[in-house]
Amino acid sequence: MLQKITPAEEAAGLTEFWSQRVLASANGDLFKVARGTGSTEWHSHDDQDETFLLLSGELTVQLRDGDVVLSPGDLLVVPRGVEHRPRAEGEARFLLVGPEVTSTAAGGKPAWSYAGGAPDRS
């Protein structure tokens, strides 16, 4: 049976920053939600493009040649192999599209974010 999914509600229910929850799959891609604060580590994905659709908050995707600031409703595709670091001053919630889950240490997930941790803002 087909079911409606509300990504913003799903992202609001996440308890760990920079972790992804798969909501659906289609055409070989996963549709994942995440919430972020602080920043990830610099990283790249050699096996996939990473698509961000911002649901709430503000997300800056830092690139080595300049930053891209996303507001709710904005979409950004980071091509495979491009080094980047998402950063949110407050809390940002977003939808990611790609063939794999990338919320791992290799995917830039910061050590502080495991088990519901928060960044040190001092």
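In strand E2, which residue is the bridge partner of Ser25? Leu30 is. This is a predicted model: local features need pLDDT of at least 70, side-chain atom pairs count only at pLDDT 80 or more, and totals for chains, interfaces and linings use all residues. Residues are numbered from 1 along each chain as its sequence is written, and side-chain values use heavy atoms, without hydrogens and water.

**View 1. The hairpin of E1 and E2.** Strands (E, at least two residues) are DSSP runs, numbered from the N terminus. E1 (residues 20–26) pairs with E2 in the antiparallel sense over 6 bridges; pairing takes at least two DSSP bridges between two strands. The hairpin has 2 residues between its strands, and Asn27 takes a positive phi near 55°.

**View 2. Strand E2 beside strand E7.** E2 and E7 (residues 84–98) run antiparallel, joined by 9 bridges. Lys32 has Leu96 as its bridge partner in E7. Of the 11 residues of E2 (residues 29–39), 9 are buried, so the strand is largely enclosed by the rest of the structure. Buried means under 20% relative accessible area (1.4 Å probe, protein chains only).

**View 3. Phe52 and Phe94, an aromatic pair.** Rings of Phe, Tyr and Trp (its six-membered ring) pair if their centres lie within 6.5 Å; planes under 30 degrees apart count as stacked, over 60 as edge-to-face and the rest as tilted. The structure holds 3 aromatic pairs. Phe52 and Phe94 are tilted: 5.8 Å centre to centre, 50° between the planes. Phe52 lies in E3 (residues 50–56) and Phe94 in E7, so the pair ties together parts 42 residues apart in sequence. Both residues are buried. Trp18, Phe52 and Phe94 form one aromatic cluster.

Notes. Buried means under 20% relative accessible area, exposed over 50%, partly exposed in between (1.4 Å probe, protein chains only). Helices (H or I, at least four residues) and strands (E, at least two) are DSSP runs, numbered from the N terminus.
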